[in-house]
Structure formats: C-alpha cells, structure tokens
Amino acid sequence: MNAITNYIKRINWRLLAADFISGVLLLVFLYTAWSKLRESEQFTYTLSQSQLLSPFANVIAWLLPLSELVLVILLFIPAGRRIGLLASSLLLVALTLYLTYMVLYDPDLPCSCGGVLAELTWKQHIFFNLFLLLLSIVGLRIY
C-alpha cells in the first residue's frame, strides 16, 4: 500500500491534466478533420452558400481540415504540445467568431462541420466551441 501512495505522490498531476486536455482536443480535431475530408463535396458546397465564406470556399474546404490534422500532430507530439494548445485556442476563437456571425446573419444555413457536430444547432455549437476553447486555455496555462 505504501508503494502505491508513493507512486501517486510522484505523479505530476498538472502535466497529466494538460496531456488529458491535449488528448481530448486531439480526438475532436481528428474527428472533425476526418468528417470534413470524408464529406468534402458537401463541406465545400455548404461553405459556398455562406455569404462570408463563399469566395474562399474551395480554399477553406482543404485548409481547415489540413490545419486540424496539423493540430492533431502537434498535440500528439510532446515537444509540439504547447504550440498545439496555443494554435488550438486560436483556431477555436476563429471558428467561434464564425459561428457567432452565422447565428447573427445567416442562421438558416446548415452547419458544414460534418459528422455528429452537424446535428448541433448554431448556438449549441458555439457553447461546444467555447468549452473546447476553455479547455485549450486551461491546458496551455498548466502545461
């Protein structure tokens, strides 16, 4: 019993929490990138229907999932984790601002996220993104 207690005392709980947060973000970005690439035609079409993004729909349709895959790699590799958490925060801020724009100016357009996330309302998606943003900031602060 004493060996277990000593082992628990030696665990770096902050690092473990940051790694857990990185893992959650990694899984979310892997899933969303895979969904967008798997349904790339639908994703591109939906982006082209947005007044804000239509001029850039083709570029965003490839750049966003590729950026998410780069984040997956950064979050997976311990040496890149801090940069991955920072980049995750920045991407989540941008995506949340876009979602807020959609709620205010184009709420009838379907979500182009793909997979399960496409089933969320715009407002639910904003709260989901804000939760992920909070996680990434906490992860960055404790890493």
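Select helices H2 and H4 to begin: H2 passes H4 in a left-handed crossing. The model on your screen is a predicted one. Two packed helices are described by the angle between their axes and the distance between the axes. For H2 and H4 the angle is about 150° and the axes lie 8 Å apart. Angles over 145 degrees count as roughly antiparallel, and H2 and H4 are therefore roughly antiparallel to each other.

Now show the side chains where these two helices touch. On H2, select Ser22, Leu25, Leu26, Phe29, Leu30, Thr32, Ala33, Lys36 and Leu37. On H4, select Trp62, Leu64, Pro65, Glu68, Leu69, Leu71, Val72, Leu75 and Phe76. Colour them by class, and the contact of H2 with H4 shows 14 nonpolar, 2 polar and 2 charged residues.

**Next stop: H4 and H5**

How do the axes of H4 and H5 cross, and within what distance do they come? They cross at roughly 150° and come within 7 Å. This angle makes H4 roughly antiparallel to H5. The crossing of H4 and H5 is left-handed.

The H4 side of the contact consists of Leu64, Glu68, Leu71, Leu74, Leu75 and Phe76. Facing them from H5 are Arg81, Ile83, Gly84, Leu85, Ala87, Ser88, Leu91 and Leu95. By class, the contact of H4 with H5 has 10 nonpolar, 2 polar and 2 charged residues.

**Next stop: H2 and H5**

The axes of H2 and H5 come within 11 Å and cross at roughly 55°. That angle makes H2 oblique to H5. The crossing of H2 with H5 is left-handed.

To see the contact, select Asp19, Ile21, Ser22, Leu25 and Phe29 on H2, then Arg81, Leu85, Ser88, Leu91 and Leu92 on H5. The contact of H2 with H5 divides into 6 nonpolar, 2 polar and 2 charged residues.

**Next stop: the largest pocket**

Rolling a probe the size of a water molecule over the atoms shows where empty space is left. In this model, about 340 Å³ of space lies in the largest pocket. Which residues are closest to the centre of the largest pocket? Select Lys36, Leu64, Leu95, Tyr98 and Cys113; the lining has 25 residues in total.

Colour the lining by helix. At least two lining residues come from each of H2 (13-38), H3 (40-49), H4 (57-76), H5 (81-105) and H6 (122-142). H5 gives the largest share of the lining, 6 residues. Now colour the lining by class: 19 residues of the largest pocket are nonpolar, 4 are polar and 2 are charged.

Lys36 is part of the contact of H2 with H4, and Leu64 and Leu95 take part in the contact of H4 with H5.

**Last stop: the whole chain**

Show everything as a cartoon and zoom out. How many helices and strands does the protein have? The secondary structure comes to 6 helices and 0 strands. Followed along the sequence, the pattern is α-α-α-α-α-α.

Key:
Residues are numbered from 1 along each chain as its sequence is written. This is a predicted model: local features need pLDDT of at least 70, side-chain atom pairs count only at pLDDT 80 or more; totals for chains, interfaces and linings use all residues. Side-chain values use heavy atoms; hydrogens and water are left out. On a 1 Å grid over the protein atoms alone, a cavity is a set of points where a 1.4 Å probe fits but cannot get out, and a pocket is an open set with protein on both sides within 12 Å along at least five of seven lines; lining residues have an atom within 4 Å of a point. Grid points are joined across faces, edges and corners, and a volume is the space filled by probe spheres set on the points. Helices (H or I, at least four residues) and strands (E, at least two) are DSSP runs, numbered from the N terminus. Ala, Val, Leu, Ile, Met, Phe, Trp, Tyr, Cys and Pro count as nonpolar, Asp, Glu, Lys and Arg as charged, and the others, Gly among them, as polar. Axes are lines fitted to C-alpha atoms, for helices over the stretch in contact, and angles run from 0 to 180 degrees between N-to-C directions. Angles under 35 degrees count as roughly parallel, over 145 as roughly antiparallel, 65 to 115 as roughly perpendicular and the rest as oblique. A crossing is left-handed if the near helix is turned anticlockwise from the far one by less than a right angle, and right-handed if clockwise. Contact means heavy atoms within 4.5 Å.
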